[in-house]
Every structure is written in C-alpha cells, then in structure tokens.
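Dear colleague,

Please find the structure below, handed over for your records. My findings follow it.

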Amino acid sequence: MEEKVIAVGKEYLIKKVIGVVCLLPLALFVILCFAMLSPAGSGGGSAVVMLLVYGLPLLAIAIGFLRTSQSITVTDKRVFGSVTRWLLFTRRVDLPLDSISSVGTGWPKAISVATSSGNVAFKWIKNQDEVYTALNCLLMERQSAKSTVIMPQPAQPNTAGELKQYKELLDNGVITQQEFDEKKRQLLGL
C-alpha cells in the first residue's frame, strides 16, 4: 500500500529575506568597521579580536539563514523533512506516525513534533497552520481508532464431568430420572 501525502510544509521566504536584507549587510558592516579600526602595521590586535568575536559570527548567522532550508512532509504513515541545527547544519529526519506522541507550534513559524526519543522542531514553515492541523488530525484519528479486541472464547464444557455430577444428583435423589435424561440430551446435543 502506497503512502498518501497529507500536507507539505515549505520554507518561509522571509527567512532568506532576513538573511539578505538584515543580517548579511550588518555582518559586512561590522567586519568593515573593525577592519578600518585596525591600521596597517600598527598593533591593532584588539580590532582583530573584535572582528573575530562579532563580525565572523554575524557572517556565519547570515550565511546560515541563506544556506539552510527546512521542510516537512506529512503522510498517512510518517513525518519527514529536513531540520537545521546550530544555523549551519541540516539533518534529515523520518518519524513513523506511531512514534509521535504530540505536536505543537512555536516561534519562528515552527512545528514541534514530540517522540519518545525527543522533540524535533521544523522552523520557518510557511503554511504552519495547515501542516499542524493535518498532523494533529492524523494523531487524533489514530488515538480514536478502535482497536481490535479479541474476546476469549468460553471454555468448552466438560460434558463427561457434568454428566457425572448429574448422575450423582440422581443417585442421591436430588433430581428425577426424567430430569437426568433431559440434561443428558442437552449436554450430548441429542
């Protein structure tokens, strides 16, 4: 049986815009400022340290916003996609639907999926509400699905044992021969 795709969450374009318009120019500005503070040939060691402390991390964050992409796909059997960690490192995740215990939303436009082994946050998802609703509905369906309950079969009556009990009752005078014969026919299915 093939998987049926329920919802696909794509990355929000605003993430790339923030990287290009805000963070990249800011990082370049900080780098240029510290480069200008460090005169050639002088002991501008503090400017280099400041460049390394402020400029390069800002540049790394800007590149992280531009380089990484996140996505989430919800099917009737699993949830999979790519997740960015530490702004630069992307990893693929594949979570079977049966292992998911809960789902939530967060910032920035994130869908958080909880499993027994931890949480996975898919961030910057453009259609966050649609994907969240689809995933939540799947979890609710799974929870309310009626499980197949196998009822134990009643034990087969011990016909010989019951006949012996009725014979003892007949011998002790508790029941009549007619009652004994009737019960014997019932037990033997005659």
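Two strands count as paired if DSSP finds at least two bridges between them; helices (H or I, at least four residues) and strands (E, at least two) are DSSP runs, numbered from the N terminus. This is a predicted model, in which local features need pLDDT of at least 70 and side-chain atom pairs count only at pLDDT 80 or more, while totals for chains, interfaces and linings use all residues. Residues are numbered from 1 along each chain as its sequence is written, and side-chain values use heavy atoms, with hydrogens and water left out.

Strand S1 (residues 5-9) and S2 run antiparallel and are joined by 4 bridges. Within S2, valine 74 is the bridge partner of alanine 7. Strand S2 (residues 71-75) is largely enclosed by the rest of the structure, because 4 of its 5 residues are buried (under 20% relative accessible area, with exposed over 50% and partly exposed in between; 1.4 Å probe, protein chains only).

Leaving aside residues up to four places away in sequence, valine 74 touches Lys4, Val5, Ile6, Ala7, Val79, Val131, Leu135 and Leu138, where contact means heavy atoms within 4.5 Å.

Elsewhere, valine 49 lies in helix H2 (residues 45-67) and counts as partly exposed because its relative accessibility is 46%.
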